[in-house]
Amino acid sequence: MRTSLTNSINDYIICSECQSEFDSGMTDSGSIQEYTKLDVGFTDIGVQVWCRRCEKNVCHIDFEDNDLEADFRCIIASSSSNS
Ligand SMILES: [Zn+2]
C-alpha cells in the first residue's frame, strides 16, 4: 500500500553530471544512488536538492509562498512479534 509514509517516488531526482559520469563507466559504484551525494533541505523559497560531489544545484523547488503540507513522520518496523 502506498501512503505518504512509504516510498512513493515515481521519478528520482538525479544530478545530471553524476549521471553522465556513472553512465560512462568512470566509477566503480554499483548504482547512481551510491555514487551521487545529494543533500536535501529547506531554503528561503522552498526545497533544494544539492549535489555535494559536484557542488551544484540539482533542483530547487519554489513554493511561491504557499504553505504546503508535509509529513515528517516515519514508519519504524517492529522487531517484536505478537505470536
Ligand atoms: Zn553530481
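Colleague: Before we look, what makes two strands "pair"?

Modeller: Two strands pair if DSSP finds at least two bridges between them. Strands are DSSP runs of E, at least two residues long, and helices are runs of H or I, at least four; both are numbered from the N terminus.

Colleague: Good. And the ground rules here?

Modeller: This is a predicted model: local features need pLDDT of at least 70, side-chain atom pairs count only at pLDDT 80 or more, and totals for chains, interfaces and linings use all residues. Residues are numbered from 1 along each chain as its sequence is written.

Colleague: In what order do the strands sit in the sheet?

Modeller: The order is β1-β2-β3, in an open sheet of 3 strands with antiparallel pairing. The edge strands are β1 (38–42) and β3 (56–62), each pairing on one side only. From one strand to the next, the twist averages 15°. Angles run from 0 to 180 degrees between N-to-C directions, with axes fitted to C-alpha atoms.

Colleague: How many bridges join β1 to β2?

Modeller: There are 5, and these strands run antiparallel. F42 has V47 in β2 as its bridge partner. The two strands form a hairpin with 3 residues between them.

Colleague: Which residue in β3 is the bridge partner of V47?

Modeller: That is I61. Strand β2 (residues 46–51) is joined to β3 by 6 bridges, again antiparallel. C51 stands opposite K56 in β3.

Colleague: What about the turn between β2 and β3?

Modeller: That hairpin has 4 residues between its strands. E55, in the turn, has a positive phi of about 50°.

Colleague: How many residues of β1 are buried?

Modeller: The count is 0 among its 5 residues, so β1 is hardly covered. Buried means 20 or more other C-beta atoms within 10 Å of a residue's own; exposed means 12 or fewer, and partly exposed is in between, with C-beta atoms placed from the backbone.

Colleague: New topic. Where is E17?

Modeller: E17 is found in helix α1 (residues 16–23).

Colleague: Why is E17 classed as partly exposed?

Modeller: Because it has 15 other C-beta atoms within 10 Å.

Colleague: Which residues is E17 in contact with, leaving aside neighbours within four places in sequence?

Modeller: C51, C54 and K56. Contact means C-beta atoms, placed from the backbone, within 7 Å. E17 and K56 are 39 residues apart along the chain, with their C-alpha atoms separated by 9.1 Å.

Conventions
Contact = placed C-beta atoms within 7 Å.
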